[in-house]
Amino acid sequence: MKKLTLESMMTLLLAVVFSMSFTSCGSDSDDDSTGSGKATMTIDGKSYSMPYAYYVPGGESEDGVIMFSNLNIMNPSSISRDSKWTYCVINIKGLSGTTIPTGEFTSTVECFVNQDLQGSSLEIGVGCRGNVVVSKSGNGYSLTFTSTLIEDFEGVSNVSSVSISFSGTLIDSSSIWQD
């Protein structure tokens with residue numbers, strides 16, 4: 001499995017969006033693989049809704065990630081070139097296969113707000129370290145993240161607090177990150 005990085009995610013999303021704009025789709029219905037529930041990311045008191053929740057298992061020596069997004073990356077035909085992408089990626093040690101670890105642990109998170117799909121503008125971009133709490137109930141998960149250390153990316157923002165909350169199901173999106 002190819003290591004998942006922010007650059008590879010952005011490159012993949014751009015490639016999918018641009019290729020989809022030149023092909024027709026067999027159906028106009030939304031993809032059913034969006035999970036349920038919604039994540040809310042709060043940065044300095046302002047909340048951002050992200051209704052799409054995914055996970056990507058890691059390999060033997062790499063962490064997996066949980067990703068929340070305002071765009072449905074599993075249904076690229078729903079994304080236009082003018083879309084603004086708000087998303088966060090949470091690195092999770094021990095996330096492999098379909099096993100999402102539960103408990104409380106320290107993790108790194110990268111958050112982006114209103115990034116255009118050409119990669120030329122970004123409202124907020126921060127990397128955080130903090131505490132993640134994951135619990136499981138039936139098929140669903142609850143997740144909270146509270147930042148303890150924040151670093152701005154390239155001086156794009158001046159952020160003092162980041163929190164994320166989610167309750168619902170997560171969709172395995174590893175198939176779109178494969179080589």
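This is a conversation about a predicted model and the terms used to describe its single chain.

Colleague: What should I know about the model before reading any value?
Modeller: Because the model is predicted, local features need pLDDT of at least 70 and side-chain atom pairs count only at pLDDT 80 or more, while totals for chains, interfaces and linings use all residues. Residues are numbered from 1 along each chain as its sequence is written, and side-chain values use heavy atoms, with hydrogens and water left out.

Colleague: What makes D63 and K93 a salt bridge?
Modeller: The term asks for a side-chain nitrogen of Lys or Arg within 4 Å of a carboxyl oxygen of Asp or Glu; the N to O distance between D63 and K93 is 3.8 Å, and the pair therefore meets the definition. The structure holds one salt bridge.

Colleague: Why is this pair said to tie together parts of the chain?
Modeller: D63 lies in the loop between β3 (52–56) and β4 (64–69), and K93 in the loop between β5 (84–92) and β6 (103–116), so the pair joins parts that are 30 residues apart in sequence. Strands here are DSSP runs of E with at least two residues, and helices are runs of H or I with at least four, numbered from the N terminus.

Colleague: Why is K93 called exposed?
Modeller: Exposed means over 50% relative accessible area, buried under 20%, and partly exposed in between, with a 1.4 Å probe and protein chains only; K93 has 62% and is therefore exposed, whereas D63, at 33%, counts as partly exposed.

Colleague: How many helices and strands does the chain have?
Modeller: There are one helix and 10 strands.
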